[in-house]
Amino acid sequence: MQAWNDKQALYQQLADRLAARLLDGEIAEGQAMPSVRALAGHYLLNPLTVSRALQALDEQGLLENRRGLGLYVRPGALQRLRQAERDHFLQHEWPVLRARLRRLGLGAEQLQWENP
Amino acid sequence: MSHTITDQPLLRAQGLTVQYGSKRAVDNLSFDIPKGRVVGLLGHNGAGKTSLLKAIVGLIAGQGSLSVLGLDPRAQRVELLQSLAYIPDVAILPRWARVSELVDLMSGLHPRFSAERARTLLRRTSVGLDDKVKNLSKGMVVQVHLALVAAIDARLLILDEPTLGLDVLSRKSFYEMLIDEWCDGERTVIISTHQVEEIEALLSDVMMLNEGQLVLYISLQDLEQRFVALGHDAATADAIAAAHPLLRYRVQGGQAALFDGKPPADVLAMGQRLRPSLVDLFVALTRRPEISRTQGV
């Protein structure tokens, strides 16, 4: 079945997964979000949980409600989301990572940016 | 506030008791279930789950009051069954029949059954209309059962251990069909199960029974607010234990404690907030760790 972790509330985990799909361009700007029902069936989640996840994305300014049509990805959402994720990375994840790299004596030349 | 007929709960129990001889299988339960919910009914064997479900569908009599879809399940059973669908844990379909014959049979039996809808739902499964029940796997039989039941224009669906004995894939298809075809925000489903972990994400509410009594009935959203699970390491174990958690248990990479309500800030600061799981909560509230977190998965 779907794997959810025990670190965060389910709606938050779904919001994160949907945000990742936006960043990957799987759901494009100006496009309709999948319906609550479709998401609930796909992720095997209660529809209320799905609604909360969509609400969380809406509160981040990523979605817009088109009357009678449902939720759409707001133009500029991608930029906004990427900026938020970058800020989060630089503020919270990078300091930890940098400390670890320093401890291991790893510099930029060892990290091979270009070759995956 | 105005209370029209639609504001009434789908189901209301007040002081409901079901007694077999001197044993109280269901002991003085009072609760409301509104429309549009997915309620998980959890309990050990003998906790009273099946008795409660049987009382709801009018198969056994109870004391106290019970109203289902505004009806008395004993006195108005025929009327009730037009808007209620029930798959008991011992559900069987006639082995000699073809699936298409079952669809015809249901059309004749149930005034709100749509044969067209049943055929549409069956197309989602790997079962063919010409297949005979006796040639179907257990998982397929359960799928047929759900398709037949979901084709009834009912408002309340009762499932007693619906996926018992099914493999993972069949259970997944079953739940997909349930979410897609049943959960429309209006209809309610009550599911009793042992497989707590795999239905947790599907539920809107959980109801826990222990020895006939209701030990917890809460929405999953409220549950996350009320109960606090805290992951911590061995060094803080004593201090955490001193704060009287409901339960202490092991998690990947360490230990955890479950609190009813927020522990003091200094205790909270010793660990990392985790999502409280239904299994742990169930163990904590019933003190009988029989439900395995990996059972059947």
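These notebook entries record what I looked up in the structure, chain by chain and then across the parts.

**Ground rules and confidence**

I am working from a predicted model, in which local features need pLDDT of at least 70 and side-chain atom pairs count only at pLDDT 80 or more, while totals for chains, interfaces and linings use all residues. Residues are numbered from 1 along each chain as its sequence is written, and chains are lettered from A and ligands numbered from 1 in the order in which they are written.

I began with the scores for the complex, for which the predictor gives an ipTM of 0.81 and a pTM of 0.85.

**Chain A**

I counted elements as DSSP runs numbered from the N terminus, helices being H or I of at least four residues and strands E of at least two. Chain A has 4 helices and 2 strands, in the order α-α-α-β-β-α along the sequence. The radius of gyration of chain A (taken over C-alpha atoms) is 17 Å, well over the 13 Å that the globule rule (2.2 Å times the number of residues to the power 0.38) gives for 116 residues, so chain A is more spread out than a compact globule. I also noted that its C-alpha trace spans about 55 × 30 × 25 Å along the principal axes.

Next I looked up burial, where a residue is buried if 20 or more other C-beta atoms lie within 10 Å of its own, exposed if 12 or fewer, and partly exposed in between, with C-beta atoms placed from the backbone. Buried residues make up 24% of the 116 residues in chain A. Of the contacts in chain A with a separation of 6 or more, 60% are between residues 24 or more positions apart.

Helix 1 (residues 10-23) of chain A has 14 residues and reaches 20 Å from its first C-alpha to its last, close to the 20 Å expected at 1.5 Å a residue, where the expected span is 1.5 Å times one less than the number of residues. Its buried residues include L10(A), L14(A), L18(A) and L22(A). An α-helix has 3.6 residues a turn, so residues three or four places apart point the same way. The buried residues of helix 1 of chain A pack against helix 2, helix 3 (47-59), strand 2 (70-73) and helix 4 (77-104) of chain A. After helix 1 of chain A comes G25(A), with a positive phi near 80°.

**Where the chains meet**

I found 18 residues of chain B in contact with 17 residues of chain A. Helix 6 (residues 168-181) of chain B supplies the largest share of the chain B side, 5 residues. That side divides into 9 nonpolar, 3 polar and 6 charged residues, where Ala, Val, Leu, Ile, Met, Phe, Trp, Tyr, Cys and Pro count as nonpolar, Asp, Glu, Lys and Arg as charged, and the others, Gly among them, as polar.

The buried residues of helix 6 of chain B are S170(B), R171(B), F174(B), Y175(B), L178(B), I179(B) and E181(B). They pack against helix 2 (36-43) of chain A and, within chain B, against helix 4 (115-123), helix 5 (138-150), strand 7 (188-192) and helix 7.

**Domains of chain B**

The domain assignment (bounds from an automatic or database source) gives chain B a domain 1 (5-94 + 147-211) and a domain 2 (226-286). Their centres, taken over C-alpha atoms, are 31 Å apart, and 8 residues of domain 1 are in contact with 5 residues of domain 2. Strand 8 of chain B gives the most to the domain 1 side, with 3 residues.

I checked N28(B), which is not a glycine but has a positive phi of about 60°; N28(B) lies in strand 2 (residues 23-33) of chain B and is partly exposed. E161(B), in the loop between strand 6 (156-160) and helix 6 of chain B, has a positive phi near 50° and counts as buried, with 20 C-beta neighbours inside 10 Å.

Technical notes
Two residues are in contact if their C-beta atoms, placed from the backbone, lie within 7 Å.
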